[in-house]
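Please consult the sequence and the model shown here while reading.

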Amino acid sequence: MSAAPAGYSQALDLVTRVRGVRGAMLVSADDGIVVAEQLMEGIKGAAVAALAGSVASRLGRALEAAGLGAGVFWHLQAAQGALLVVGAPSGILVVAVAEPDVNVGLVRLELLRAAEVVG
Amino acid sequence: MADDVKALSSQLAQDPDSLVFLRLGELLRRKRQLDAAHRVALTGLERHPHLADAHDLYARILADKRDYERAFDEWDMARRIAPDHVGALKGLAFLYFKVGDVQQAAVHLEAAQRVAPDDPGIAQALSLARGGSGGAAGDEAGSRAAAAEQALAPASPGAALEPIDDTQVFVGLEGAQEGLLLLDASGRVLGGALKNPEGRDVTDAVAAYLAGVSQEAARTAKLLGLGAWSALAAEGKQGHVHLTALAGDVLLLVVRDRSVPMGRLAVIAQRAAGAARRWLEQQR
């Protein structure tokens, strides 16, 4: 786990305490670099951060092109798990890696709270 | 036309919640199969009680059956749901002509003309109504009203319905031409269309961006050991999108404004995915 301001750790705690969440990280949206992370063993944080940043950026452009404004939350569903992301106003993405049957509504709320903490 | 009835009936059987009943009901009405049209319209109304078009269709069928009282109620209901519904306004004007109330007919025609200024039927009927309500002799006023009534009458049996476009993937589904899109992994559009909240076509731009999104989504899911990705839902400040990965790298996109919750969007996407899969099978 990388060293990070206490606020970052608090933000990640909000997310990882939700049952079914395997890990959480804060990612710089601009360059896809890990800012802070709390991930389970074996998850390649740097690579996930880069891809999450890229998906967020492309999705953001698609939303803007569709006239739907800036992206607030996105949820990638897969056979064996899910990736959930909320953007903080500072340009940091709060990312959760979760089990497939996780309570998406609850994770979304905690991600939004974490984004407020991150600022 | 028989084939059209068969095709539409088949589509409706596969997806009973589809709005294709509107076309099927109208087609049957024009073929003068009024009992069948009546059944289709009623079943559609049971599933879509708040759809003005469904009440309008039912009213036209009732008018054909000369059940003018109930037709009035249905057009009135359509207008309550959608005050600017041109079909309902024209239908009500038609019925007012029938009972000789030219003034009320003109009021409804004026409202219809404000919504559809280029509709020649409305313009013609309105002109006849105005000419006929100025104290003309009885016979003349009567013949003008009859002509106006004819101009407004629901389309005659022989009139052709717009041909069914087999290339339309989402025919009958809500938002088929502004909120549903089928594209391949390279961002090429296979069907459907997208419009932004201002009504501008944004199909190509959104398709191009989303092709990249799906590639990144697949890489991310693989890297995380999550298996194949099935869907990507995103919430924007003014609306939501739901991207579904269909077989063969085909993507389905559903877009709705924020009044449609994300969970409901997933249900709409599931329904549209069924239509898209059937269409893809037909193309192969």
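## Helix α5 of chain B

The buried residues of α5(B) are B:A71, B:F72, B:E74, B:W75, B:M77, B:A78 and B:R79. A residue is termed buried if 20 or more other C-beta atoms lie within 10 Å of its own, exposed if 12 or fewer, and partly exposed in between, with C-beta atoms placed from the backbone. These buried residues of α5(B) pack against α4 (52-64) and α6 (86-98) of chain B. Helices (H or I, at least four residues) and strands (E, at least two) are DSSP runs, numbered from the N terminus.

Helix α5 of chain B covers residues 68-81; at 1.5 Å a residue, its 14 residues should span 20 Å, and its end C-alpha atoms are 20 Å apart, which agrees. The expected span is 1.5 Å times one less than the number of residues in the helix.

## Basis of the model

This is a predicted model, in which local features need pLDDT of at least 70 and side-chain atom pairs count only at pLDDT 80 or more, while totals for chains, interfaces and linings use all residues. Residues are numbered from 1 along each chain as its sequence is written, and chains are lettered from A and ligands numbered from 1 in the order in which they are written.

Two strands pair if DSSP finds at least two bridges between them.

β3(A) and β3(B) pair in the antiparallel sense over seven bridges, and A:Q77 has B:A231 in β3(B) as its bridge partner. Within chain B, β3 (residues 229-236) and β4 (residues 239-246) pair in the antiparallel sense over five bridges; B:L232 has B:L243 in β4(B) as its bridge partner.

## Contacts between the chains

In all, 32 residues of chain A are in contact with 35 residues of chain B, contact meaning that the C-beta atoms of two residues, placed from the backbone, lie within 7 Å. On the side of chain A that touches chain B, the largest share, twelve residues, comes from α2(A).

## Helix α2 of chain A

At 1.5 Å a residue, the 21 residues of α2(A) should span 30 Å, and its end C-alpha atoms are 30 Å apart, which agrees. α2(A) is followed by A:G67, whose phi is positive, near 75°.
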